[in-house]
Amino acid sequence: MQSKGSEVPRNTDVTLIVLELDGRRFALPIHAVNEVLRMVAIKPLPESPEWVAGVINVRGNVLPVIDLRARLGLDRRAYGLDTPIFVVTALGRRMALVPDAAVEVVELPTSALDSPDELIGDDHPIGLLARVEGEVVPVLVLERICDGAQSLTLPRDDLSAA
């Protein structure tokens with residue numbers, strides 16, 4: 001089944017990138033992720049939402065960094081050198097997402113996807129539930145995760161050397 005805003009095409013196999021947050025597995029459609037980077041220094045961004053970790057410079061482009069733990073209401077934790085950064089494009093802007101870990105890439109038939117209970121509403125960050133190796137893995141809706149970060153004013157001056 002398809003959920004509104006789930007970014008998953010109908011009637012095809014679906015490839016998901018599975019990530020970990022606080023010991024739990026979540027997923028994003030692989031086509032939503034432009035690249036996965038190693039952790040780099042994140043510069044704080046004053047007057048931004050608490051779930052925005054700051055900004056990074058990726059080949060001359062300043063990107064807001066969304067801490068997925070904080071965005072989903074989990075306690076933040078320090079990043080390690082092995083913490084990945086997912087570069088995505090959502091809501092007309094390139095952004096970066098930080099999970100605890102990238103776990104695997106899986107390909108599933110659409111029959112392995114279900115809509116979550118209608119009670120969670122259209123604003124919830126979970127758009128689908130995927131059955132991956134006997135486990136139910138929530139599939140995050142990128143636009144809902146990134147909503148609010150697309151309008152941030154990012155510094156342009158002192159990040160060119162970062």
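Reader: Why is T83 called buried?

Author: T83 has a relative accessible area of 5%. Buried means under 20% relative accessible area, exposed over 50%, and partly exposed in between (1.4 Å probe, protein chains only), so T83 counts as buried. A word on the source: this is a predicted model, in which local features need pLDDT of at least 70 and side-chain atom pairs count only at pLDDT 80 or more, while totals for chains, interfaces and linings use all residues. Residues are numbered from 1 along each chain as its sequence is written, and side-chain values use heavy atoms, with hydrogens and water left out.

Reader: Which residues is T83 in contact with, leaving aside its neighbours within four places in sequence?

Author: Contact means heavy atoms within 4.5 Å. With those neighbours left aside, T83 is in contact with L37, R38, M39, V98, P99 and D100.

Reader: What does the side chain of T83 reach?

Author: It reaches the backbone nitrogen of G80, at 2.8 Å. A polar contact is a pair of N or O atoms within 3.5 Å; within protein, one must be able to donate a hydrogen and the other to accept it, and residues adjacent in sequence count only if both atoms are side-chain atoms.

Reader: What makes R59 and E35 a salt bridge?

Author: Their side chains meet at 2.4 Å, N to O. A salt bridge is a side-chain nitrogen of Lys or Arg within 4 Å of a carboxyl oxygen of Asp or Glu, so the pair of R59 and E35 qualifies. R59 lies in the loop between β4 and β5 (61-67) and E35 in strand β3, so the pair ties together parts that are 24 residues apart in sequence. Helices (H or I, at least four residues) and strands (E, at least two) are DSSP runs, numbered from the N terminus.

Reader: How do you know that R94 also forms a salt bridge with E35?

Author: The closest N and O atoms of R94 and E35 are 3.9 Å apart, which is within the 4 Å limit.

Reader: Is R94 buried, exposed or partly exposed, and what about R59?

Author: R94 has a relative accessible area of 28%, so R94 is partly exposed. R59, at 63% relative accessibility, counts as exposed.

Reader: How many salt bridges are there by this rule?

Author: The count comes to 10. Beyond the pairs above, D22, R24, R69, R77 and D100 are linked in a network of salt bridges.
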